[in-house]
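We'll go from the whole chain down to single residues.

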Amino acid sequence: MQIFFTLPLAVYLTHFLDPIQGQRGTIQILIATIIGSGTLTFLTLVIVYYVIAVAGAGSAMDKMVVSLLYTPVCGFQGAISGMLVAVKQAIPESEVKVFNRMRFKVKLLPFAFVLVLSIIAFISGHVLKYIPFVLYGTYCAWFYLRYFHSMPDSGLRGDPSEQFDFASFFPDRLQPAVGMIAFQCHKLFRVAAWTPQSNSVATGADDEGSVESNSVEATRRR
């Protein structure tokens with residue numbers, strides 16, 4: 001049933017991203033997102049399976065173990081999440097209208113998608129079937145675009161702009177708290193060693209100031 005929702009949305013988002021990222025860039029984003037979200041979802045389910053199996057015996061536990069072992073878990077939700085992240089990167093301040101009434105900015109689309117699908121997953125009882133794909137798809141797409149993807153219009157690798165930091169995916173009221181947590185994780189895992197500023201490649205730009213100005217110009221052109 002979900003294919004009737006995800007397939008048209010995927011076609012529309014791909015058609016939207018192609019002029020911005022190019023066919024090759026769109027495919028790279030999809031591959032990075034699908035492989036990342038699929039691998040992390042698989043590892044998560046394996047860990048949950050072994051935790052439940054070791055937790056103890058009982059009819060409820062046995063049913064959960066059997067369900068995890070034999071229920072097919074697959075979906076295109078991670079790819080949809082990744083494409084929404086790419087759209088947010090391209091036009092974060094643009095607005096979309098939902099049901100001809102509600103208006104909100106494109107930068108909140110990934111957050112709204114995760115929230116809505118999480119609610120649906122809890123109501124339908126398919127938490128492990130949907131939520132890992134959506135969460136990991138969103139994060140993997142952001143991580144890839146933030147640090148590795150080469151933008152066709154600027155020649156830079158990654159996106160160091162403030163409009164695309166991790167906290168920007170959350171509503172304004174939550175951004176300070178999320179930003180503090182993200183900063184601590186940034187220090188803990190020493191991400192500064194391969195930030196976009198240090199890995200970016202731009203013709204005629206050899207210092208940090210030139211890279212930053214090129215990044216601002218790329219953001220303005222998008």
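First, the ground rules. This is a predicted model, where local features need pLDDT of at least 70 and side-chain atom pairs count only at pLDDT 80 or more, while totals for chains, interfaces and linings use all residues. Residues are numbered from 1 along each chain as its sequence is written, and side-chain values use heavy atoms, with hydrogens and water left out.

Let's start with the fold. The chain has eight helices and two strands, with helices (H or I, at least four residues) and strands (E, at least two) taken as DSSP runs and numbered from the N terminus. Follow the sequence and you get the pattern α-α-α-β-β-α-α-α-α-α. Of the 222 residues in the chain, 36% are buried; here buried means under 20% relative accessible area, exposed means over 50%, and partly exposed is in between, with a 1.4 Å probe and protein chains only. The accessible surface of the chain is about 13400 Å², and 66% of that belongs to carbon and sulfur atoms. Those areas come from the Shrake-Rupley method with a 1.4 Å probe, and for residues only the protein chains shown count as cover. As for contacts (heavy atoms within 4.5 Å), take those in the chain between residues at least 6 apart in sequence: 64% of them join residues at least 24 apart.

Now go to helix α1, residues 3-55, where you'll find Ile27. Ile27 counts as partly exposed because its relative accessibility is 47%. Together with Ile31 and Ile35, Ile27 forms a nonpolar patch on the surface, with about 290 Å² of accessible area between the three. A patch takes residues with over 30% relative accessible area and no salt bridge, joining like charges within 9 Å and nonpolar side chains (Val, Leu, Ile, Met, Phe, Trp, Tyr) within 5 Å.

Thr33 also has its place in helix α1. Is Thr33 buried or exposed? Its relative accessibility is 1%, so Thr33 counts as buried. Setting aside neighbours within four places in sequence, Thr33 touches Gly38, Gly78, Ala79, Gly82, Gly137, Cys140 and Ala141. Ser81, in helix α3, is buried because its relative accessible area is 1%. With the neighbours within four places in sequence left out, Ser81 is in contact with Phe113, Val134, Gly137 and Thr138.

Step into the loop between α2 (59-70) and α3 and you reach Val73. Val73 is partly exposed because its relative accessibility is 29%. Val73 and Gly38 are 35 residues apart in sequence, and their C-alpha atoms are 9.8 Å apart in space. Outside the four places on either side in sequence, the contacts of Val73 are Leu45, Leu128, Lys129 and Phe133.

On to the charges. A salt bridge here is a side-chain nitrogen of Lys or Arg within 4 Å of a carboxyl oxygen of Asp or Glu, and the count by this rule is two. Which residues do they link? Glu93, Lys105 and Lys107 are joined in a network. Lys105 meets Glu93 at 2.9 Å, N to O. This pair links distant parts of the chain, 12 residues apart: Lys105 is in strand β2 (residues 102-105), and Glu93 is in the loop between α3 (77-90) and β1 (95-98). Glu93 also bridges to Lys107, with the closest N and O atoms 3.7 Å apart. Here the partners are 14 residues apart, Lys107 being in the loop between β2 and α4 (109-124). Lys107 counts as buried because its relative accessibility is 17%, whereas Glu93 is partly exposed at 44% and Lys105 is partly exposed at 31%.

Val106 is in that loop between β2 and α4 as well. With a relative accessible area of 2%, Val106 is buried. The C-alpha atoms of Val106 and Ile91 are separated by 6.8 Å, although the two are 15 residues apart along the chain.

Finally, the rings. The whole structure holds 12 aromatic pairs, where rings of Phe, Tyr and Trp (its six-membered ring) pair if their centres lie within 6.5 Å, with planes under 30 degrees apart stacked, over 60 edge-to-face and the rest tilted. Ring pairs tie Phe111, Tyr139, Trp142, Phe143, Tyr147, Phe148, Phe166 and Phe170 into a cluster.
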